[in-house]
Amino acid sequence: MPSQAWRVMKFGGTSVADAARLRGVADLGAAALTAGRVCLVVSAASGVTDLLLRAARTAETGGDASSEVAAFRDRHRAVLADLAAELPPDGVAAAEAGLRALGDEFAKLAAGVGLLLECPPSVRAHLSSLGERATCLLLVELLKGRGFEPQALDPRTCIRATGEPLQAEPELETTAAAFAPYREGQARLLVLPGFFAGDAEGRTVLLGRGGSDYSAALAAAALHAELLEIWTDVDGIYSADPRQVPEAFALPAISFEEAMELSHFGAKVLHPKTIQPARSAGIAVKVRNSFRPEHPGTLITASAPPPEHAARGLTLLENVALLNVTGAGMKGVPGVAARTFQALAREGINVLLITQASSECAITLCVAGPDGTKAQKALRAAFELDLAAGRLDDVELKPGLSILSVVGEGMRARMGVASTFFRALSDVGVNIVAIAQGSSERSISTVVRREDGPRGLRHAHRGFFGTAEVIELYLFGTGTVGGRLVEHLEAQKARLKARGIELRLCGLARSKGLVLSENGVDASEARNGMAGSTAPDPLRVADFVASRKPICPVFVDCTSDASLASRYGELLAAGLHVVTANKKANAGSYAYWQELREKARAGQRRFLYETNVGAGLPVISTLQSLLACGDRVRRFEGILSGSLSFLLGRLEEGIAFSVAVREAMDKGFTEPDPRDDLGGQDVGRKALILAREIGLELEPEGVQVESLLPKEFHEGTVADFLARLPELDEPFAARMADLKVKGQVLRFIGTIDTEGSVPRCSAGMVALDADHPLASVRGGENALAFLTDHYSPRPLVIRGYGAGADVTAAGVLSDILKLATWSLP
């Protein structure tokens, strides 16, 4: 036999928006009836209350509200028409009559407002209740059509309230008495419109913001219900707003105190006053999703199980204003705080947050943004004499802020919560304007700039809950290296996800165009559809990032485009990290080299270029580690070109120079024009980059570069060059034979010497003795020898196959993943 216990089920505007949603409400109500007695509390269909208030504004300014009246009638008639087949004829007739009466009531109220050109609060309250009444009427007839016997309740008689018509306060004892016949009688199914109540004369008054939830809580308390269910369009109360933090998740259980803290500081699912009647009566509250009734939702009770993490959730209350009441005359003077609150109370201004300096010389408080100027005027008036006497400074107003809070019962028993919170904000450059923490240790609130709030919220959420860190990539260049990088990203997706990292390709550009998407770009589809996309301007990426402020946006350059490299400074200043395989920026002017590092430091961004010298070899990072530990590089020698390593190795084996060059071309060791490699400029650029890392302030012209080729071989087409190559076979063969007699080998070396009176950086052919650390390097290998204070007399040697698209792409990916480590709290 079903229980006699009551369950109150409240359904919001989206849950009753149309006929299909009303059927869902009826289904859920019917299922609940099998276990006990049920009271359904319903809101107006989504958008209807706005329609009613728009009509009031139109009428009081002399406009014609007939279109709003017609829209109200049409909206509910359409729902009835959809439900008509499920209702008996008398049910359809009753619903039509009821809706007609409500429409007429709306028309008369709008006409009255139009005559007066004014909408008094009592009329606005009456007008605002029509949507809930219409929903209730339709639901009652639908339930009757299904064979149930619902009793429609009128809130004007069963929920008594006093005070302002638009913000009335319920009388709990009177309300409990009004519900006694239902509580103690045999009724099994009640339907109650939410949002409004009645005063002592039975006139309509509103319960204010969160009114329908409040109605449900009052009904639950009055019925001595076992459970209050709030049915909405989300899965429960989330760890953060999922619209701002996609990784947020529904909490299985929280305490009443946590729910009140979360709702006070911006969680939209419940209003704080909704919780209090249920909490006082010891009634459990469950927040559930009417669109996904199979989801268990969030259970709110007096003592929820301890959270797995230190925090239960984070909230962001946007658009607040901060006021500072300061002055040496406040110290030791009783009543300053009281006068502050009284002044604001007289103006009906709610204080959201307050903190006071231990010096007693400053009180900081926050109010809703629209109340900021009014609050400043009220405080100036309240302290007029103190301001005139110089005991207080002028009341400071800071608009355009948000309150970012972390909430959780577990905070009291865990060390380091504040540290995690503040470090997370610092990591993404969010400055804290003010801090407040209650003695309950259940929440910590920070005041931040409004534009910083979403970014801080997302990163703090990851810091507390370890959800996936999203690194947004904007890749320019989808050729050999860029194409392999995309393949690496796809291949590593599962492994990185297990580590809590998501590399999301949000932008892809090549010569044909640029594609951007905050949800991620499918690389193959993007490449095929670039013809109609926007021009590949990197500043479009900067604008896209600025409009969204993601935590970790990364510009990835896999081109060799000098003009693109010249834009890195703008990208760093716009808030993007830059990872590049393009050497042009680091091998350009020294002034630009400095500018990039200064902009990276100023914006707390990173400029990463590991692949500029050793491709896939850890050259830059190793050198930076040596220097960071106080080591000093005395001399550097390196084989920095895989193509020249292969070529000279083949000459050593007796292969003709022209044949060796063609072999290198066939194996992909060289550029399409092999003179780009044989000229030595690429090695010179790499040596220059390393010299600057060591601390030498060199310009490109300061690097001495020797070409393998005579000057005249750099002229003409590639075909002309290849035709003349055999002319060099004999000179190179003679040189190699001479070196062999001496027990030496020929290598193309980048050299940096810091020991002389003038530091020297060069690139050219060097004859090495057989015991030299670089003598055995050949076949496409790279090798670098650093002679330092710590690594002496035997140098530190880094050796391996650094060249090739695959290892270069892997090096770029390694740089990208350094940002994940850097941004962890």
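This is a predicted model: local features need pLDDT of at least 70, side-chain atom pairs count only at pLDDT 80 or more; totals for chains, interfaces and linings use all residues.
Colleague: What makes Cys-136 and Cys-158 buried or exposed?

Modeller: Buried means under 20% relative accessible area and exposed over 50%, with partly exposed in between, using a 1.4 Å probe and protein chains only. Cys-136 has a relative accessible area of 5% and is therefore buried, and Cys-158, at 4%, counts as buried too.

Colleague: How do you know whether His-224 is buried or exposed?

Modeller: Its relative accessibility is 57%, so His-224 counts as exposed. His-224 is found in the loop between helix H9 (211–222) and strand E9 (227–232), where helices (H or I, at least four residues) and strands (E, at least two) are DSSP runs numbered from the N terminus. Phi of His-224 is near 55 degrees, a positive value in a residue other than glycine.

Colleague: Why is H4 called roughly antiparallel to H5?

Modeller: Helix H4 (residues 89–116) and helix H5 (residues 121–128) pack at an angle of about 155 degrees, with their axes 10 Å apart. Angles under 35 degrees count as roughly parallel, over 145 as roughly antiparallel, 65 to 115 as roughly perpendicular and the rest as oblique, so H4 is roughly antiparallel to H5. The axes are lines fitted to C-alpha atoms, for helices over the stretch in contact, and the angles run from 0 to 180 degrees between N-to-C directions.

Colleague: Which residues of H4 and H5 meet?

Modeller: With contact meaning heavy atoms within 4.5 Å, Glu-105, Phe-106, Leu-109 and Val-113 in H4 meet Val-123, His-126 and Leu-127 in H5. Leu-117, in the loop between H4 and H5, has a positive phi of about 55 degrees although it is not a glycine.

Colleague: What makes H4 and H6 roughly antiparallel?

Modeller: H4 and helix H6 (residues 130–145) pack at an angle of about 175 degrees, with their axes 9 Å apart, and they are therefore roughly antiparallel to each other. Among the residues in this contact are Gly-91, Ala-94 and Leu-102 in H4, and Leu-130, Arg-133 and Leu-137 in H6.

Colleague: How do you know whether Val-578 is buried or exposed?

Modeller: Val-578, in strand E23 (residues 577–580), has a relative accessible area of 0% and is therefore buried. Leaving aside its neighbours within four places in sequence, Val-578 is in contact with Phe-555, Tyr-568, Leu-571, Leu-572, Arg-606, Phe-607 and Leu-608. The C-alpha atoms of Val-578 and Arg-605 are separated by 8.0 Å, although these residues are 27 residues apart along the chain.

Key
Residues are numbered from 1 along each chain as its sequence is written. Side-chain values use heavy atoms; hydrogens and water are left out.
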